[in-house]
Amino acid sequence: MLVAALLAGCGHPNGVMTPVALTAATPNTTKVSMLVATTREPSGDPATLFNGERSPKPYLTAVDVSIPPKRESGTVQWPKRLPPNPATDFAVTSVKEIDTVPQGRAWFRQNIQGGHALVFVHGFNNKYEDSVFRLAQIVHDSDMHATPILFTWPSRAQLTAYEYDKESTNYSRTAFEQALRTLAADPDVKDITILAHSMGTWLTMESLRQMGIRDGHVNSKIHNVILASPDIDIQVFAKQFAEMGEPRPKFTIFVSQDDKALAVSSFITGKVSRLGAIDPTVEPYRSKLEAAGITAIDLTKVKGEGLNHGKFAESPEIVQLIGKRIITGQTLTDSNVSLGQGLTAVVGGTVTTIGTVAATAVAAPVTVLEQPMQTAKKRPADETLQGDLKPQPLTQ
């Protein structure tokens with residue numbers, strides 16, 4: 001039953017990376033330009049560009065994606081046949097190899113959006129083209145003002161390759177850290193937001209932890225880290241969070257207790273709870289998140305598709321929340337948030353209603369847990385998560 005559920009919705013044609021030309025007869029489409037960094041091995045085929053094997057050398061590619069004018073927000077319009085039809089399908093219109101850092105910086109200057117950069121890291125079971133089209137959809141639907149950058153790591157895109165994919169994230173830790181450092185060193189970049197999904201959140205946390213261990217803290221240009229459906233052991237996350245040092249970026253996590261993919265991950269990993277499946281309104285999570293200054297947005301009652309693992313991208317309202325508020329550093333606790341009837345926030349123990357606008361993609365109120373940054377208090381080390389949220393010295 002789990003395999004059948006995981007397979008639901010698959011079946012789009014492979015090899016969509018070959019550019020197609022837009023003609024005068026093409027309806028008004030929208031172009032999303034992105035810079036793609038990868039630790040995947042080149043496939044040697046322009047239709048796929050990169051496969052799921054690991055490359056010791058990272059690659060950079062500039063990719064343009066055309067988005068059709070008529071489509072439902074939150075969806076990727078995969079072509080039913082090749083070549084794609086830009087009038088009805090997502091279609092790649094340009095692919096250009098970037099060979100040097102100066103070339104990458106020149107691309108950023110040409111595509112600058114106020115100096116803001118959004119770095120997207122995909123999850124388990126993704127092909128190169130899957131992550132390209134997903135980021136294009138997120139950028140378009142969120143109406144964000146940030147330059148999109150994709151980091152895609154070697155996933156074999158097979159349901160039986162969970163462990164291979166997990167090891168591939170470990171393989172890619174240093175490459176991702178260096179990609180973030182290179183981006184932050186660009187004088188045209190003012191701030192960076194990382195949006196990571198599923199297993200990509202592990203790669204993100206490991207790379208930030210690694211950066212923190214090297215420098216004592218995460219680079220100051222990394223302002224926001226958004227973890228969507230994080231497939232991470234809760235206690236391991238707490239260690240990663242503590243060991244990246246201070247000051248830290250602002251963390252926001254999207255969780256959902258009906259996430260079937262995380263339920264499978266929990267089963268595979270010995271029934272260990274995943275961060276993306278917690279209920280942030282109950283203890284011990286509520287007080288721990290408050291102490292760490294982490295914002296948790298509970299999407300359990302938001303209508304999802306299939307496995308309920310991609311709600312952050314599939315819900316038009318949630319994507320708008322990411323693009324227009326979280327990336328710009330705005331608070332979520334005011335009357336301008338409109339994510340369904342009776343959006344509630346828990347701030348300092350007080351529950352208030354902060355939104356009243358109905359949204360068809362939202363089946364019920366969304367619960368937001370937003371807490372101010374505070375210093376973690378000392379508690380007995382044997383309590384859940386205790387001791388893990390604080391750096392541990394190697395010697396006394």
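# Close-up views of a predicted model

**Figure 1. Surroundings of phenylalanine 251 and the nonpolar cores.** In this predicted model, and with residues up to four places away in sequence left out of account, phenylalanine 251 touches Met205, Leu208, Val225, Leu227, Phe241, Met244, Gly293, Ile294 and Thr295. The largest nonpolar core has 47 residues, and Phe251 is one of those that touch the most other members, together with Ile192, Ile194, Leu208 and Ile222. Helix H6 supplies the largest share of this core, namely 5 residues. Apart from this core lies another, of 38 residues, among them Phe120, Leu150, Ile226 and Ile322. In soluble globular proteins, nonpolar side chains tend to be buried together.

**Figure 2. Strands S8 and S9.** Strand S8, which covers residues 250-255, pairs with S9 in the parallel sense, and the pairing runs over 4 bridges. Threonine 252 has threonine 295 as its bridge partner in S9. Strand S9 spans residues 295-298 and is covered on both faces, with Thr295 and Ile297 buried on one side and Ala296 and Asp298 buried on the other.

Figure 3. Strand S6 (residues 191-197) and S7 are parallel partners, paired over 6 bridges, and the bridge partner of isoleucine 194 in S7 is valine 225. Strand S7 comprises residues 222-228 and is mostly covered, since 6 of its 7 residues are buried. Serine 198 lies in the loop between S6 and H6, and has a positive phi near 55° in a residue other than glycine; with a relative accessibility of 4%, serine 198 counts as buried. Serine 229, in the loop between S7 and H7, is likewise not a glycine and has a positive phi of about 50°. The relative accessible area of serine 229 is 9%, under the 20% limit, and therefore this residue is buried.

**Figure 4. Glutamine 210 in helix H6.** Helix H6 runs over residues 200-215 and contains glutamine 210. This glutamine 210 has a relative accessible area of 17% and is buried. Residues up to four places away in sequence aside, the contacts of glutamine 210 are with Arg173, Thr174 and Glu177.

**Figure 5. Helix H3 and the residue that follows.** Helix H3 is made of 15 residues, 128-142, and the distance from its first C-alpha to its last is 22 Å, close to the 21 Å expected at 1.5 Å a residue. Because 13 of the 15 residues of H3 are buried, the helix is largely enclosed by the rest of the structure. After H3 comes aspartate 143, with a positive phi near 55°.

**Figure 6. Aspartate 64 in strand S2.** Strand S2 covers residues 50-67, and aspartate 64 has its place there. The relative accessibility of aspartate 64 is 15%, so this residue counts as buried. When neighbours within four places in sequence are left aside, aspartate 64 is in contact with Lys31, Val32, Ser33, Ala91, Val92, Thr93 and Ser94. Between aspartate 64 and proline 19 the C-alpha to C-alpha distance is 8.8 Å, while the two residues are 45 apart in sequence.

Figure 7. Leucine 82 and proline 83 are joined by a cis peptide bond with omega of about 0°, and proline 83 is placed in the loop between S2 and strand S3 (91-98). A cis peptide bond also runs from glutamate 246 to proline 247, with omega near -5°. Proline 247 belongs to the loop between helix H7 (234-243) and S8.

Figure 8. The protein has 396 residues, of which 53% count as buried, and contains 11 helices and 12 strands. Among contacts between residues at least 6 apart in sequence, 74% join residues at least 24 apart. The accessible surface amounts to about 17400 Å², and carbon and sulfur atoms account for 53% of that area. The mean pLDDT is 81, with 77% of the residues at 70 or more. Over residues 333-365, however, pLDDT stays under 50, although the model has 79 contacts beyond four places in sequence for this stretch. Residues 370-384 also have pLDDT below 50, and here the model has 33 contacts beyond near neighbours in sequence.

How values were computed. Residues are numbered from 1 along each chain as its sequence is written. This is a predicted model: local features need pLDDT of at least 70, side-chain atom pairs count only at pLDDT 80 or more; totals for chains, interfaces and linings use all residues. Side-chain values use heavy atoms; hydrogens and water are left out. pLDDT is the predictor's confidence in each residue, from 0 to 100. Contact means heavy atoms within 4.5 Å. Buried means under 20% relative accessible area, exposed over 50%, partly exposed in between (1.4 Å probe, protein chains only). Helices (H or I, at least four residues) and strands (E, at least two) are DSSP runs, numbered from the N terminus. Two strands pair if DSSP finds at least two bridges between them. The expected span of a helix is 1.5 Å times one less than its number of residues. A nonpolar core is a set of buried Ala, Val, Leu, Ile, Met, Phe, Trp, Tyr and Cys residues joined through side-chain atoms within 4.5 Å. Accessible areas come from the Shrake-Rupley method with a 1.4 Å probe; for residues, only the protein chains shown count as cover.
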